[in-house]
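Thanks for coming. I have one structure to go through today, so let me put it on the screen.

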Amino acid sequence: MLKKGFPTLLLFVSLPILLAGCWGAKEIDEAAYAFALGIDSGPGRNLTISVLVFNPGAGIATAGITDQSLSPGRVRVFTAEAPSIFSGINIINTMLKRQIELGHLKMVVFGETLARRGIESYLDTMVRWRKFRRTIYLAVANQGTARRVIESIVPPAGTNAGKYLEMMFITQGFVGFTPRNQMLEFYNALKTKGEVPVAALVAPRVTKYDLTTEHEARIDSGRITDFNGAARDPGQSTAGNPPLSGEAPLQFLGTAVLYRGKLVQKLTGYETLAFSMLRGEFNRTYINIPDPEAPDKIIQLEISRIRRPEIKLQKQGAQIRGQVLLTVLGDLIGVESNRRYETPPKNTLLKQAVENWIKQGCYAVFHKAQTAGTDIFGFGDYARWLVPDWESWRKWDWGSSFKTMKLDLTVKVHINRPGLIIKKNAVKEE
Amino acid sequence: MIRGGRFGTFETVTVLLWPTLAKIYLSFSTGIIQENYSAAWLGVFLGCLTAFLWFLPLAALLKRFPGEDLAAIAENVTGPVIGKILSGLMVLYFLISTTLLLRQIAETVIGTAMPMIPLAVIIITITLIMLLPSVWGLESVARVSALITPYLLAGGIGLFLLQLGNMNPNYLAPLWGPGISKLMINGFFRASILSELVFLGFLAPSLPKLNPFKTGLILIAAATVLLTGAMLATQMVFPPPVAAEHTYPFYEMARSIYFGRFYQRIEFLFILVWITIVLFSLSLRFYFTTVGLARIFRMPYYQPLLGMTALAVLAVALIYPDYTAAVYLDNLFRGRWAWGPSFLVPAFIYLTAVVAGKRGKNNA
């Protein structure tokens, strides 16, 4: 009995020893975890590497110590000039008692100058080296350096920079002004000719527009009579530019288009929204459209995607014709003119207005992309079905076809619920 | 006397299913994508169809010689010398595939989970694990495989489903990939994808009442659906230029799963499923290698061969200069030419048996 049971007993006794513990021979507080990496062009062929590092100290939850707060002092930025990412990290490691660990990296930012020069060569490291994941978010510093972006994260986001960055990107998915920008999509698009890769535009909020000192002072003094200069919808801006105040480390707004890995074009917030709609990646956002019955007033709606766009491509001779059907759900939020839009005829009028607004935005961004020859919508992926085999696809100059492509866009908006008002001004006293 | 034990159709199917599916977890699918581009899934499907056609003579042979294994049948039909050469070819293939798999598993563990561990440590550990099922015997392996099948299926398929949000069906176009004619040729060679069907010929003594055709058919159907489905899923997540680069395509898929802050970094689940399946595949290949050798040399027991065969497998696995070489050879032997020893040899034996009018003792 003992002879039979002994191997089993040995197995169970050895399992806890084998299964538990630290296989990497490194405790959790023996590494400096990088949350964000910034890459700028440096002097000569060098790069400027900036790393946002969480430097765990005695406060980390180990061995019964429960204080998990990460004070600003624990999140630090290190910058080095080096010929490559890892030589930069190496040189930063010479100042640290803990080695930098990239396994928890959330974001990689490229400086605009470097992005314009091209980032493709740096991506090989990110797809080859196991510490990088394809779930990392990619961004381009709008009108600035990645270093400034990384540095601006520290003070306000000091409580947990990793969570902050991840939450920022997840939240942006429901704002609509930032494209899907994980490395998985970026690298897929980079390696195919059916679509052009995009990344988020980011800016540090240190150069923020000071509403208090400029706007309110002018309004209070009665000097402003023409608001046209300030009346631009912030959605028509890119990161770092809209009139905005408040404490936050970063702003994500707009899209960087990186044709063959080089920054060639930028899209504003609304252009990004339209582009995301055509790509089927849009979730939900707030919009305001001109009131169809009182064009100087606006109507606010929340729009969300009902289903993915239906996209069909046809080849008519050398001409490519694309048919896109977008189906969107609209929820009425506010009618500035106080008019009644709950009745069926008015509801139809409102739907048409929203449809037109979406169409205008989509056509505008489509023509902008066509002019630059950048198929950011991935229409080329649909065009693959028009050729029988790989050789035919390789020979097809899709870029040229995209430039002359005709787009027939149909938008169907459903406004099924009027909000908490079923009939505006149903009873009047005057 | 070699005792394989007794088990039913379900156990037989599962015991052969995992060695068949295990190859997709290594670099095998990358090779298929490199030659078939967007039509890699069609290449797999056509390979499975071709394997079904190849399976017909094997099934007919096993039906003609009920209860006998391929080594014994080969000697009955073609005589002791040619018979031994023919079975030797099959066993040599088992041996080579075992060594290639052993090296690849060890390298993959280093490449994905334990980068600091020395190759010798991990490869010896895996060799010891490989030995265990052969010590326990096939019956216990078959029972375990039947028990774990639902969990492995759920784990494997679940991981693919978690990638639904990242799937782009347009990556499956152009439909015909390298062109219809090349696709057909590649599909023919890729019949090797189901080369594990030949193990059925060495299981026959354990399955006296089993219909080899029915068992093989169920296995082919299940493997076709799962292999084609797995390839479809990979191709929809990664376009051909990206998928063709990957060292471990399915590991990359698992690493790319991201459902918000909580459902990410779940490749450890993948590693659990993956390691179970590939170790299963390795153990069974090793078992059939040893049993095949014992049968060729008419040994009453295979157990005395275990130690030496394991040492030989370990030694050969260490001869491969690096992982890239192991992958190249695996793609060559197991990927493209395995249909030779697995299907051509049994088909030749069957044709000879038909021409010579030979039948099994129990099928007089």
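This is a predicted model: local features need pLDDT of at least 70, side-chain atom pairs count only at pLDDT 80 or more; totals for chains, interfaces and linings use all residues.

Chain B, then. It has 16 helices and two strands. If you want the extents, the C-alpha atoms of chain B fill a box of roughly 65 × 45 × 35 Å along the principal axes. Of the 364 residues in chain B, 61% are buried. On contact order, take the contacts in chain B between residues at least 6 apart in sequence: 85% of these join residues at least 24 apart.

Is B:Ser97 buried or exposed? Its relative accessibility is 1%, and the cut-off for buried is under 20%, so B:Ser97 counts as buried. Leaving out residues up to four places away in sequence, B:Ser97 touches B:Arg285 and B:Arg334.

Now the interface. How many residues does each chain bring to the contact? Chain B brings 37 residues and chain A brings 32 residues. In general, the size of an interface is often given as the accessible area lost when the parts come together. Here chain B and chain A bury about 3000 Å² between them, and 53% of that is on carbon and sulfur atoms. Within the area that chain B buries against chain A, B:Arg255, B:Arg261 and B:Arg265 supply 22%, more than any other three residues.

For the polar side of the interface, there are 18 residue pairs in polar contact between chain B and chain A, with both residues at pLDDT 80 or more. By residue class, the side of chain B that touches chain A divides into 19 nonpolar, twelve polar and six charged residues.

As for salt bridges, the rule finds three across the interface of chain B and chain A. One of them joins A:Lys191 to B:Glu245, where the closest N and O atoms are 2.7 Å apart.

Last, two residues of chain A. The loop between α7 (183-191) and β7 (198-204) of chain A holds A:Lys193. A:Lys193 has 33% relative accessibility and therefore counts as partly exposed. With residues up to four places away in sequence left out, A:Lys193 touches A:Trp393, A:Arg394, A:Lys395, A:Trp396 and A:Trp398. What does the side chain of A:Lys193 reach at 2.5 Å? That is the backbone oxygen of A:Trp393. For scale, the C-alpha atoms of A:Lys193 and A:Leu10 are separated by 58 Å, and the two residues are 183 apart along the chain.

The other one is A:Val427, in the segment after β14 (406-417) of chain A. At 75% relative accessibility, A:Val427 counts as exposed. Its C-alpha atom is 20 Å from that of A:Arg417, ten residues away along the chain.

That is what I have. Questions are welcome.

Key:
Residues are numbered from 1 along each chain as its sequence is written. Chains are lettered from A and ligands numbered from 1 in the order in which they are written. Side-chain values use heavy atoms; hydrogens and water are left out. Contact means heavy atoms within 4.5 Å. Buried area is the accessible area (1.4 Å probe) that two parts lose on being put together, summed over both. A salt bridge is a side-chain nitrogen of Lys or Arg within 4 Å of a carboxyl oxygen of Asp or Glu. A polar contact is a pair of N or O atoms within 3.5 Å; within protein, one must be able to donate a hydrogen and the other to accept it, and residues adjacent in sequence count only if both atoms are side-chain atoms. Ala, Val, Leu, Ile, Met, Phe, Trp, Tyr, Cys and Pro count as nonpolar, Asp, Glu, Lys and Arg as charged, and the others, Gly among them, as polar. Helices (H or I, at least four residues) and strands (E, at least two) are DSSP runs, numbered from the N terminus. Buried means under 20% relative accessible area, exposed over 50%, partly exposed in between (1.4 Å probe, protein chains only).
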